[in-house]
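Here are my notes on the aromatic rings in this one. Have the structure open while you read.

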Amino acid sequence: MRIDRRSFLRLSLLPVLPASLTACSTSQEPIEATQIVFGTIVNLQIYSDDKRIAQEAIARVETYFQQFHHEWHAWEKGGILSKINTAIAEQTPVEVPESVKRFILKSQQLTRESNGLFDPGIGKIIAMWGFHGENWQGPPPPEKDIHAWLQNHPSLLDIYFEGNRLLCRNREVQLDFGGNAKGLAIDLALQQLQQAGIQNALVSIGGDMKAIGHPPQREQWKIGIQNPQNPQSALASLTLNDGESVVTSGTYQRYFTWKGKRYAHIIDPKTGYPTDSFASVTVIHPDAITADSAATALLVAGPDQWQEIAAGMKIQYAFCIDHNGGIQQTKAMEKRVKLL
């Protein structure tokens, strides 16, 4: 099955955490649904005694995902994000729904906590590197263009609100929520399932997951962490509890090679260049938006800074893999992860 790479934001989080989840063998099989949206595979796994209610809930969530994709796509026209970016470029205010305002304010908080290593205001430099499109082939943008972009210091923090009117101090800001919009989509999807009466489910978008309840006869969900050096296999497994999300950000699946050098899709806001530190970072957190943002920030932070940034973002569980297969993790994560 071919996945249309244009289909989600800046596609910063492709399936770097595989859907290698397992429930124990029980008489009750999950009700599952899979679709292609956000440029990747979305999987719903529900345990329910009422198949009709489960199917209706799945249909509702699938429709919601399609609407969410349209509204939050970073470079296709027509959605709320496109309207905001146009207004910023034209230096005009734009009215936004309260839910959008809350999401932007929360993302600003995460930008501050990450010391600017997670920043959805850098859409312009992401586009300059060619990651707002289907083909990632280079060449890298000219150094002078990157330097000019850095001189303008575009950031999500340049945005402010007057009521629900969004304004921006810097016309070079272009929003791209590829670093945490999947987390928002996961959180909202599970809210919809709970409102429909579903108590045990797992939602996965490209392998980024959140759970409610648990599988039959088990207290936890079991999740596999993909091996960056052999993406078809799991390097480790971990357990996921009721209400927890697990998100992985990686540099080894979306990149291009130019003159022998590899350039990954996750850009360091401080340098304007792709990050080249860890191969992947996995984060567990109750809030999927926070987990999504933190995984990106820790990946950019790299071996020397990740612990400081994790502390600033109040991340207790983090698992980092470098390009040589070396592992760094928090003490709390050591108790949750089993190396395979």
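1. Start with the cluster: Y64, F65, F68, W72, F103 and F177 group together as one aromatic cluster. Rings of Phe, Tyr and Trp (its six-membered ring) pair if their centres lie within 6.5 Å; planes under 30 degrees apart are stacked, over 60 edge-to-face, and the rest tilted.

2. Before going on, a word on the model: it is predicted, so local features need pLDDT of at least 70 and side-chain atom pairs count only at pLDDT 80 or more, while totals for chains, interfaces and linings use all residues. Residues are numbered from 1 along each chain as its sequence is written, and side-chain values use heavy atoms, leaving out hydrogens and water.

3. How many aromatic pairs does a search of the whole structure find? Twelve aromatic pairs turn up. Take W129 and F256, a tilted pair at 6.4 Å centre to centre with 35 degrees between the planes. W129 sits in the loop between α4 and α5 and F256 in strand β11, so this pair ties together parts 127 residues apart in sequence. (Strands are DSSP runs of E, at least two residues, and helices runs of H or I, at least four, numbered from the N terminus.)

4. Buried or exposed, what is W129? W129 is buried, at 2% relative accessible area, and F256 is buried at 2%. Buried means under 20%, exposed over 50%, partly exposed in between (1.4 Å probe, protein chains only).

5. W129 also pairs edge-to-face with Y273, at 5.6 Å centre to centre and 65 degrees between the planes. Y273 lies in the loop between β12 and β13, 144 residues from W129. Y273 counts as partly exposed, with 32% relative accessibility.
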